[in-house]
Amino acid sequence: MTKSKADEEDYWNSSKFKAFTFDDEDDELIRLKESRQAVNSIQRLVEEDDDEDDVEKVSWSGEPVGSISWSVKETAASNQRTDREPAFPKIPTDTPSLSKSQSGYSLSSLFKGKTKGGNFQSFTDTLSDSSIRLYAPELRKPKSEYKDYVSDWSPEETIQRLQQGKTAPLEKFRSLQDKLLLLDFAVSAHDGNVITAVLIYLKRTLSKEVLFRELESRQTALRHFIHYLTETKDQRLLLELLRALGRTEDVALLQYKEHLSIADENKRRDFLKSCLSLPFSAEDSAHVQDHYTLLERQIIIEATDRQAERGGKVEIFQKFPRRASILNMPLITTLYYCCFYHYSEPEGTYSSPLNIRQAFKISEKQYFVTALAARAKLKAWLDVDALFTSRNWLGFTRKKSPLSFQRVVDVLQKNSAPTQVLQDYVGLVEDPDMRISLAQKHKCHDIVINTYRDMKDRQQLLGYRGKVGRGSAEERKIDELLNNQQIRWKN
Amino acid sequence: MANSARRDSPELPDFSLLKRLARDQLIYLLEQLPGKKDLFIEADLMSPLDRIANVSTLKQHEVDKLYKVEYKPVVSTSDQLCFLIRPRIQTVKWICDVANADKAAGKFRRYKIIFTPQKFYACEAVLEEQGMFGDVTTDEWAFYLLPLDDDIISLELPEFFRDNFLAGDQRWMRTAGSALHLLHSLYGPFSKVYGIGRYSKMAYESWREQVEQGEQRARQAEIGNVFLIDRDVDFVTPLCSQVVYEGLVDDIFRIKCGCVEFSPDVTASDKSVKVMLNSQDKVFNEIRNEHFSNVFGFLSQKARNLQTAYDKRRGMDIKQMKTFVSEELKGLKQEHRLLSLHIGASESIMKKKTKQDFQELLKTEHSLLEGFEIRECISYIEEHISRQVSMIESLRLLCLLSITENGELSFSYGVDHLLTFSNLRQLGLLVEQQPGETLTVMESRVGKLVNDKTAGKLTDAFSSLAKKSNFRALSRKLNLVPKSDEEYDLRVPRDMAYIFSGAYVPLSCKLIEQVLERDGWTGLEEVTRLLNGNEFAVTGQITSINGAKNDAQRIILVMFLGGCTFSEISALRFLGREKGYKFIVVTTAITNSSRLIESLLDNHV
């Protein structure tokens with residue numbers, strides 16, 4: 001960080017980083033193109049007798065027929081029709097009484113003999129052999145569970161069993177001390193799955209107050225619990241927990257987050273307004289305020305513009321129909337939109353770019369980039385020019401930019417600005433090397449020639465002579481310079 | 001580079017066994033479910049499943065139709081539904097909805113959930129709460145490890161990163177231990193385990209316990225040493241732009257489960273093509289680890305060779321032609337296809353990168369890594385944000401800035417809002433903002449350089465994830481940034497820095513190199529202190545030494561907990577060639593900067 005500017009330039013110019021540049025289109029791309037041509041020239045032969053399948057099987061997995069992803073797509077396609085039809089549920093005609101007593105299906109209730117006799121009878125009758133076989137392994141379950149129940153495992157053993165995916169009854173841990181022991185063993189086993197299992201049990205069997213209190217001193221368990229509540233979408237309990245922990249800013253953020261599920265813009269705006277009083281941090285509070293102000297403004301702009309567009313009287317909306325509503329768009333998109341559709345409006349309106357800039361304290365640079373992009377998109381080159389022009393105290397105009405001119409050229413070029421427009425800005429690029437490379441790229445010959453002249457680089461100028469049109473004005477200019485005895489060339 | 005390999009490099013173990021095991025177990029599970037059934041597969045399990053089985057395998061075991069889990073009502077008419085899913089609460093809830101809807105409609109079906117790689121109690125609790133426990137039966141498919149290539153094995157669990165590092169949920173620790181246990185019992189016994197990071201320690205512990213509980217068969221070790229590393233030990237490396245071919249392809253086209261989809265502009269045809277990218281692709285295999293600048297030369301040489309080979313058939317008589325067609329043509333044709341695809345990909349990469357001022361971006365990254373002209377970097381990032389180039393990219397640069405500067409920035413430049421370390425909050429809540437939101441906020445305050453909530457928080461999140469990252473001090477201690485005054489020939493790389501154009505040796509790989517060289521952490525005390533400790537080096541029981549075992553000692557399994565990048569894999573391959581090791585990379589998922597940032601942004605309302 002203490003290196004000087006000179007060092008830095010040295011650094012960037014060192015051969016290390018010149019080894020290869022992505023900007024350097026010509027050489028590498030030409031080589032690639034040559035390779036491409038070479039390869040393409042062989043194309044015909046390859047197509048002559050293409051036993052593609054053969055090749056495909058060897059090394060291609062363009063989802064070959066028979067792959068699982070392919071098959072899933074097939075099912076999806078074949079189901080498309082049924083998809084659209086309302087799915088009427090099938091009504092079992094042979095065992096009408098069954099549909100009413102769903103619990104009759106469960107084998108445990110069969111065991112306990114809770115099912116009414118008649119239903120039970122007809123149920124078994126309809127069962128095919130295979131389904132009986134399917135249920136068979138389940139028959140053993142109650143027995144093993146019974147065995148689990150009588151085994152008297154310590155908290156530690158219980159955690160070990162859970163870790164191995166075995167069952168272990170938690171119900172016998174009833175004292176708070178036992179429950180916490182269980183939790184602490186789970187945490188020290190570093191198995192999140194088991195930690196959560198214990199937490200679910202604690203959630204069921206402890207009051208919130210006690211649970212929250214105990215979690216406060218157990219950070220690992222607490223994080224698991226928060227994650228569990230987030231995943232199960234138990235918003236209410238999560239809010240209560242955060243409140244109990246005194247994390248009011250998180251509570252506010254979590255509540256604020258609910259706006260995402262409100263689709264109606266007016267309701268969303270009102271919701272945001274109600275959020276303003278939540279105990280955010282100072283920073284967040286400003287953000288929420290901005291969010292509210294922005295949406296409020298967007299609603300107004302949207303209503304006006306939609307009407308103007310439908311009315312068909314405002315030219316800009318006819319020439320460039322809006323692609324989407326401005327509602328819920330980010331701030332900069334909104335600014336861009338207003339620079340596009342409402343550029344010259346007086347500062348007092350809601351949609352005036354200057355008004356937006358002021359209301360949201362947008363930096364000069366940010367404003368500038370956005371306005372530049374919007375006006376360039378419209379090819380309003382005069383507006384672009386005006387953006388840069390400032391008068392000094394003597395009344396002379398000069399071009400100034402909070403953004404590097406190199407970047408400006410970039411933006412303009414992407415919006416296909418004509419060469420005459422581009423060269424004004426290329427000429428303003430400060431760094432001579434950068435200026436030359438941009439000028440070459442955009443065919444601003446004059447700038448290249450003048451820069452080489454200023455650098456007194458005869459060799460480069462001589463080289464450039466080969467790149468301009470034979471007999472062109474540029475060539476003549478170069479020749480004049482090369483013959484000029486007054487220039488003291490450095491090479 | 002491929003030619004400079006040391007002759008004595010040991011052979012890699014055969015990991016296709018892992019696929020076979022997984023497939024056999026899946027078949028077994030399906031056989032437990034006699035009769036026709038429809039199978040619902042979770043979206044992100046489809047590609048992994050495709051790598052080990054195909055439709056006919058499933059059909060042979062009476063799977064009738066295949067569906068993707070889409071959280072919509074099901075249209076299946078089958079009376080047996082089987083769900084192959086990750087243990088996620090949301091998915092289980094959906095299955096309960098399906099079953100409950102059937103119940104309400106009086107439809108009788110049987111439901112089976114197969115969780116992979118394991119089930120979670122929280123999922124069973126959902127079944128219980130929804131009154132479906134028992135009606136929906138469950139099973140586990142221990143599909144822990146998917147070999148993506150000869151030397152890459154993935155757990156395909158991208159959520160490991162977010163769950164562990166952001167939410168602090170250790171649910172995957174047992175999984176990581178079991179994965180290690182599986183490798184140990186098939187290719188071990190390991191003789192040494194090194195590691196660094198909290199979760200590495202936990203995974204090690206979990207593995208050790210499982211070894212103790214199980215029986216150990218005596219067998220010839222194929223993998224001798226193991227290195228475990230947490231992703232938060234090194235966040236800098238995965239945040240950098242990748243410039244090695246495979247990494248670049250991943251950054252731009254996104255390699256998914258070892259497979260990439262090349263769009264029509266790459267294939268120069270009207271359809272996109274899915275291509276497996278692994279060592280089976282002879283062209284790819286030769287360029288995957290190369291710095292992008294070397295790729296063109298290689299491809300054009302290859303194209304010329306190919307042309308010569310084809311030209312041979314001119315002037316051949318019938319008999320010669322026959323031999324040519326039967327022996328050479330097929331190989332040539334395949335090479336031709338591969339070549340034209342990789343040329344197309346390279347062209348497309350060049351076009352994209354030229355468009356977005358890649359060179360300048362790299363300069364900024366290198367500056368950040370070297371730690372000078374930070375002011376310039378900040379203004380570059382600021383400009384990047386105000387031009388709305390790409391939000392993910394902006395955040396990536398901010399995070400890189402935040403980690404590499406580690407707070408020094410705040411008092412030297414006064415942008416205290418950017419790095420308010422004292423104001424750390426619960427991470428789970430910090431980042432759950434909608435991408436659009438982030439953008440709004442970020443831009444609204446850009447004049448003061450992102451002193452806004454969300455972006456600030458993200459960098460906070462990163463800084464706190466990385467604890468005090470101490471990057472600058474680490475970089476000095478480990479010599480991560482080579483002196484800039486020396487020329488770096490990317491064609492003949494002299495160290496692992498070549499993967500970042502000679503500007504930076506990846507911290508993660510440098511640690512591995514150092515620890516292997518020293519056979520432990522001795523002499524690295526200062527480094528481990530800067531990395532917040534949690535290092536370990538353990539030796540197993542010493543068994544008799546013979547020739548084959550020596551080979552195993554040079555096979556090193558590196559497990560990344562929280563993901564690793566292709567660039568890191570390339571760097572390790574380079575290190576392996578230099579030192580005569582073979583590295584096997586096991587990772588919870590392949591990651592890169594975008595995936596890392598997106599995993600922190602993603603928002604479930």
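1. A contact here means heavy atoms within 4.5 Å. Buried residues (under 20% relative accessible area, with a 1.4 Å probe and protein chains only) make up 43% of the 491 residues in chain A.

2. Please keep in mind that this is a predicted model, in which local features need pLDDT of at least 70 and side-chain atom pairs count only at pLDDT 80 or more, while totals for chains, interfaces and linings use all residues. Residues are numbered from 1 along each chain as its sequence is written, chains are lettered from A, and side-chain values use heavy atoms, without hydrogens and water.

3. Now to confidence. The pLDDT, the predictor's confidence in each residue from 0 to 100, averages 73 in chain A, where 69% of the residues score at least 70. Over residues 1-20 of chain A the pLDDT is below 50, though the model gives this stretch 44 contacts beyond near neighbours in sequence. Residues 49-62 of chain A also stay under 50, with 23 contacts beyond four places in sequence. Where pLDDT is low, the predicted coordinates should not be read in detail.

4. Chain A has 30 helices and two strands; these are DSSP runs numbered from the N terminus, with at least four residues (H or I) for a helix and at least two (E) for a strand. Among the elements of chain A, mean pLDDT is highest for helix H13 (residues 192-205), at 95, and lowest for helix H7 (residues 107-112), at 33.

5. For side chains in chain A, have a look at the aromatic cluster formed by A:Phe317, A:Phe320, A:Tyr336, A:Tyr337, A:Phe340 and A:Tyr341. Elsewhere, A:Arg357 lies over the face of A:Tyr367, 4.7 Å from the ring centre; such a charge has NZ of Lys or CZ of Arg within 6 Å of the ring centre and within 35 degrees of the ring normal.

6. Two strands pair if DSSP finds at least two bridges between them. Strand E4 (residues 110-115) of chain B and E5(B) are joined over five bridges, and B:Tyr111 stands opposite B:Val136 in E5(B).

Technical notes: Rings of Phe, Tyr and Trp (its six-membered ring) pair if their centres lie within 6.5 Å; planes under 30 degrees apart count as stacked, over 60 as edge-to-face and the rest as tilted. Buried means under 20% relative accessible area, exposed over 50%, partly exposed in between (1.4 Å probe, protein chains only).
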